[in-house]
Amino acid sequence: LKAVGDFGPFQKWLVLLTLFPCLSVAFHQFCQLFMVPDVPHHCETSWIRAIGPNLTEEEQLNLTLPRDADRVYEQCSMYSPVDWDLGSIVAYGLNVMEKCSSGWVYPSDHEVTLVTQFDLVCDRKDLNDISQSIYMVGLFLGSMIFGPLSDRIGRRPVILISVFVQGLFGVAIAFVPHFYVYMTFRCVVGASVSGITMTILALATEWVGVSSRPKAVLISHCCFAIWQMLLAGLSYGIRSWRLLEIAGSAPIFAFFFYIRVLPESARWLVTKGRLEEAKKVLQKAASINKRTIPPGLLQQ
């Protein structure tokens, strides 16, 4: 590497090429935080409309929902439906409570979020945390799968596979019909995130000289932080969680336009006995860096 150049134009371009997939990694790590905002809600109590079709919304809520100590409607409980006439309900009131049995009602002017789409409220609120844990399971599985795979078939193919899987399942998340399907796809995306981060780090450090590796890694971390800031702006501008997922996932497919110029690791080629291929990529790197490798050194 000293003969080729520790951190010449070749390595700088390589680091820049590997930054783009890191943007999507930052998105998938934190996007769900912006998809589950607190949304006002209350139990669905339209059963009373069959008894009093002319009730206003406020009258309906006042008759069917209990209030807390602050005189605010309870979000997760309701009065049990009865078969009384409206006059009896108004005169005596309801006092037997139960959990929401017919779903929840959200503000009509509120954008669709994961919370409102899949009712992640009350007893289902823990599903949000569970889905994040399942995403972390995906990270674990990805490290177990893609790490050894990159040692077996090469850094470049694993990066390509991981990018394709992340783009495909990332976009597919926006069209899932059920939250359990959402969690499954998030697990797959988590695995692809591990594949991208681990393999790109290996590829970059195997091409960059020891003295310049901290610089290359620092650039990657800075890019990760920048995308976190961009994610805040993106989620502010795109309130629909499905559109936000597409906007954060689809751009990764642009990586395929320059995958051909992404070099394989010369170190990995040598470990696999593919010496002629290793010599070619080393000579190409030296040429871009305007350096010359001594023939004797290359032969070694």
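Helix 1 and helix 7 pass each other in a left-handed crossing, a term used when the near helix is turned anticlockwise from the far one by less than a right angle. Everything here comes from a predicted model, in which local features need pLDDT of at least 70, side-chain atom pairs count only at pLDDT 80 or more, and totals for chains, interfaces and linings use all residues. Residues are numbered from 1 along each chain as its sequence is written, and side-chain values use heavy atoms, with hydrogens and water left out.

**Helix 1 with helix 7**
- The axes of helix 1 (residues 9–30) and helix 7 (residues 179–207) come within 10 Å and cross at roughly 160°.
- Axes are lines fitted to C-alpha atoms, for helices over the stretch in contact, with angles running from 0 to 180 degrees between N-to-C directions; helices are DSSP runs (H or I, at least four residues) numbered from the N terminus, and strands are E runs of at least two.
- Helix 1 and helix 7 are therefore roughly antiparallel (over 145 degrees; under 35 is roughly parallel, 65 to 115 roughly perpendicular and the rest oblique).
- On the helix 1 side, the contact (heavy atoms within 4.5 Å) includes Phe-10, Leu-14, Pro-21 and His-28.
- Among their partners on helix 7 are Arg-186, Val-193, Ile-200 and Trp-207.
- By class, this contact of helix 1 with helix 7 has 11 nonpolar, five polar and one charged residues; Ala, Val, Leu, Ile, Met, Phe, Trp, Tyr, Cys and Pro count as nonpolar, Asp, Glu, Lys and Arg as charged, and the others, Gly among them, as polar.

**Helix 6 and its neighbours**
- Helix 6 (residues 155–173) and helix 9 (residues 241–249) have axes that come within 8 Å and cross at roughly 165°, so the two are roughly antiparallel.
- Their crossing is left-handed.
- Gly-167, Gly-170, Val-171 and Ile-173 of helix 6 meet Trp-241, Arg-242, Glu-245 and Ser-249 of helix 9, giving three nonpolar, three polar and two charged residues.
- Helix 5 (residues 126–153) comes within 7 Å of helix 6, axis to axis, at roughly 135°, which makes helix 5 oblique to helix 6.
- Among the residues in that contact are Phe-146 and Asp-151 of helix 5 and Arg-155 and Pro-157 of helix 6.

**Annotated spans and domains**
- The unreviewed UniProt entry annotates "transmembrane region" at residues 12–30, 133–150, 157–177, 183–204, 216–238 and 244–262; positions follow the numbering used here, feature names are shortened, and annotations may be inferred rather than shown by experiment.
- Residues 183–204 are 100% helix and 0% strand, with end C-alpha atoms 31 Å apart.
- An automatic or database assignment sets the domain bounds, dividing the protein into domain 1 (2–38 + 122–297) and domain 2 (42–105).
- The C-alpha centres of domain 1 and domain 2 lie 51 Å apart.
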